[in-house]
Amino acid sequence: IMSACRALEARQKVAFLGPEGTFSEQAALKFFGSSIEPIACASIDEVFRATLSGTADFGVAPAENSTEGVVARSLDLLLASDLTIVGETSLLITHNLLRQSPSLEGIQTVCAHPQALAQCHQWLSQHLPHAERRPVSSNAEGARLAAADASVAALASERAASIFGLHVVRRAVQDEAHNRTLFVVLTRPEKHSPSRPTGHDCTSLIVSVDNRPGAVHDMLTPLKRHGVSMTRFESRPARSGQWEYVFFIDLAGHLDEPPVAAALAELRAMCSFVKVLGTFPVDP
């Protein structure tokens, strides 16, 4: 329904980690539908820059993988930028081994995004123990390299195999069968009209507390007091050079719901830094 409604509007410019054929592109198409003007970016940083500058109306960035955890660069950029999270979508990630020929013989290098290489570590150790594992900017970039060199294989989607004319040598080589990646959808605050509560929402925050005994415990107390569930709690260096940390917290509920609003008001009073990244419907 969302895709059909968006298709009736002007084509949205959507930035994602490219080139064509990445899982980030699939996430953008899943969330917005096919009636978008895609903007393939060379890095996650470029996705944020394109969205901040207005080159793109929206950006799609990977946030967390069920096997390898958070995508640290995306979290660091959320802290540093003024973009707002307006939605999320998740994909079941199936990594396939792609190359010019349908055989494992002669593979000297496997190219993929670092997260993909980590998610396929055991399979690669068992089946291609002597092949170099070369991290590249995206899985589709690995597929492009494999299309140009017969000694190179890639870990990528079947869509990438079709785009770059490669054989699927082995399907589903990821170590965990239920391997999912969560992507966040970003835009500039002035372009976004806050959503109304749906009953299945998430409010995403970044907070920091003073370095004192019990500070993190005290920070969580308002959530318990107001019955607000916490669905994510991640720490990242604050990049201050003082061994300080910020905490990325996802709360179950909408910012306009009284329990979430009351808990947030208490957090603002006790924390040294609070940034609301967005409140939005969760991916079912």
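This is a predicted model: local features need pLDDT of at least 70, side-chain atom pairs count only at pLDDT 80 or more; totals for chains, interfaces and linings use all residues.
Because 7 of the helix's 10 residues are buried, helix 2 is largely enclosed by the rest of the structure. Gly-33 follows helix 2 and has a positive phi, near 85°.

The peptide bond that joins Gly-18 to Pro-19 is cis, with an omega of about 5°.

## Ala-172

Another loop, between strand 10 (167-170) and strand 11 (180-187), contains Ala-172. Ala-172 is not a glycine, yet its phi is positive, about 50°. Is this residue buried or partly exposed? Its relative accessibility is 42%, so Ala-172 counts as partly exposed.

## Val-209

Val-209 belongs to the loop between strand 12 (201-208) and helix 9 (215-225). With a relative accessible area of 17%, Val-209 falls under the 20% cut-off and is therefore buried.

Which residues does Val-209 touch, leaving aside those up to four places away in sequence? They are Ala-215, Val-216, Met-219, Phe-247, Cys-271 and Ser-272.

Val-209 and Gly-33 are 176 residues apart along the chain, and a distance of 40 Å separates their C-alpha atoms.

Terms used
Residues are numbered from 1 along each chain as its sequence is written. Side-chain values use heavy atoms; hydrogens and water are left out. Helices (H or I, at least four residues) and strands (E, at least two) are DSSP runs, numbered from the N terminus. Buried means under 20% relative accessible area, exposed over 50%, partly exposed in between (1.4 Å probe, protein chains only). Contact means heavy atoms within 4.5 Å.
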